Amino acid sequence: MRLLKIGRDSSCDIVIPRNEISSLHAELTLLASGDMQLEDKGSLNGTYVMNQRIKPGKPVSVKRGDLIRFANVELQWNQVPMPEDNSAYKAIISVGSHMNNDIMIAGSTVSRYHATIKVGRDNKVYIVDHSKNGTTVDGSKVSPNSPYRIFKKNRVACGGVPVPQSDWENKIPWPADIMRNLMIAAASVLVLCAIGLGIKSIDGKSFTMPWTSEKTYNDAQLYAMYNNSVAMLLGIYHYEVTAGELKLNEIKDPLTDEPAPIPSKYVCIPRSNLQDPQKNPIRIGDAEYVETEDYIIVGAYEDIAPIQQLIFSRMYTGTGFFVSQDGKIVTNLHIVKPWLFDNALETLEAYVKNRIQKIADKETAIAGAKTAFTCTVHGTGGLGSYVSQVKAKGVLDDIELCPQGKYYSPENMVKCHVLSAGDKKDVDVALIQSEKCELPTKARYINVTDSLDASEESLVVGSHMYTLGFPVGIALQDLKSDKGLQLYARGGSITQMNTQYSFAFDAASFGGASGSPIFNDKGMLIGILNAGCALTQGFNYGVKAQYIRDIINNSYEVK
């Protein structure tokens, strides 16, 4: 058994730093069977299970995934440890001051569910401490939440109170002495065999498989833990071009004195959108546009409204995941600053410079013919002086999210703003936040303080990874279903030695999955998906978790 205290006080196991939460608001008991009981501790604003307020002091049974609220704050189930796999043990004995324990010990320093004794199928006995005041074995304090091997001859005390000798001898199925002797004899034979086979010692730098007690999860468990922590993102952006103080829309042809304006705003449309009849093909008509290998860049003069009808074709999708109670979301830099990655800025600047230079050349020709020319329209020196001042920049018009399980519709979209985004393309990570600074209903955040692993050991080639996101965006929505937008989850393996910024994996993905969280089989966040091979599946890349941590702790300045 294990007790989790929930409340505002920093000593709680799950801390919710909100004024409407009581210091000790509720307690969640994790039973050895895997069942759970929730009890309200007399909180002011109540504890709710499936929107029904429970009575204080009366435990109720709950199951993982239930909608549980403390006042108006929803429980984040990823903060609650998954049920332990006790299949490796043939007996589990709970120890504590509560009457539900197998071994009950009275004392003010003894926690209600102080420790657990586990007997393995190999007859080895361990004690696991999860108390406030600690557990000692022969006077030495054991590490909390870690199995510690014990023997019948040991003396154990919980919070300084010894386990009664009668309970110690009779309620724990100790292996018979003869079994222990047989095990020692067997171990001796193994040592002799090892020596005979020439197995090297650790000092001889032999390969040894480390023993670990860390819990691992299968893909179904990872999905249950994190599927409500991920959201689909939708963005729209455009370009703005300036040339110092020159007003591009007021330029005139020096030969005719007729208006020769240059667009000051542009939208970038993927060529594939124009060629795909399923994506509402665009009639560009007489609009001024620039072409690159991948994009058609359509111009407008001042108001972007005349080309708002292009909105569907210039809208793009991505993925993000919640990392805080106040609605912060981690995604890719290329989701909030796509202009850094589409290679259109230089093309656009060159185009506008060329347009201005052609008109400036006409001015120069006229000036040479008149011998005494002073430009009264464009200022002293003419248009040529503005060519070097041409600058193009990207502007994010809108970034919104659609939660998992909701249909894509205006009323379900949540507007967001950018909190932190740099300019270094290799660090393809950004931080945004919902404008109301809150989580959508049923959404849960990933506690990156406890659930992020930035170590190099988490990125070993061949180790398992798991990612959840929204490849192909809105196309994942099944209008015939009542389940709304559903994310796509896929497991795989890390496939390439990591570099300074990234690592490779083979789980299939597609455009729109950018910004998806990547987990290992211990449920730890190890990266964020940011790239893949357009020609085939199974060659994808993620940015390391350390850069997720960095952007949360050390925000970039957003201009």
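Ring pairs join Tyr237, Tyr239, Tyr316 and Trp339 into a cluster. Rings of Phe, Tyr and Trp (its six-membered ring) are taken as paired if their centres lie within 6.5 Å, with planes under 30 degrees apart counted as stacked, over 60 as edge-to-face and the rest as tilted. The structure is a predicted model, in which local features need pLDDT of at least 70 and side-chain atom pairs count only at pLDDT 80 or more, whereas totals for chains, interfaces and linings use all residues. Residues are numbered from 1 along each chain as its sequence is written, and side-chain values use heavy atoms, with hydrogens and water left out.

A search of the whole structure finds seven aromatic pairs. One of them is formed by Trp168 and Trp174, a tilted pair with 5.1 Å from centre to centre and 55° between the planes. Both Trp168 and Trp174 are buried, where buried means under 20% relative accessible area, exposed over 50% and partly exposed in between (1.4 Å probe, protein chains only). Tyr237 and Tyr316 form an edge-to-face pair, with 5.9 Å between the centres and an angle of 75° between the planes. Tyr237 belongs to strand S19 (residues 230-243) and Tyr316 to strand S23 (residues 316-322), so this pair ties together parts that are 79 residues apart in sequence. Strands (E, at least two residues) and helices (H or I, at least four) are DSSP runs, numbered from the N terminus. Tyr237 is buried, with a relative accessible area of 6%, and Tyr316 also counts as buried, at 15% relative accessibility.

Charged side chains also sit over aromatic rings, the criterion being that NZ of Lys or CZ of Arg is within 6 Å of the ring centre and within 35 degrees of the ring normal. The charged end of Arg69 is placed over the ring of Tyr48, at 4.4 Å from the ring centre. For Lys425, the charged end sits over the ring of Phe341, 5.5 Å from its centre.

Backbone geometry was examined as well. Most residues other than glycine have a negative phi. Ala71, although not a glycine, has a positive phi of about 60°. Ala71 is located in the loop between strand S8 (68-70) and strand S9 (73-74), and its relative accessibility of 8% means that Ala71 counts as buried. Lys442, likewise a residue other than glycine, has a positive phi near 75°. Lys442 lies in the loop between strand S27 (430-434) and strand S28 (464-469), and is exposed, with a relative accessible area of 52%.
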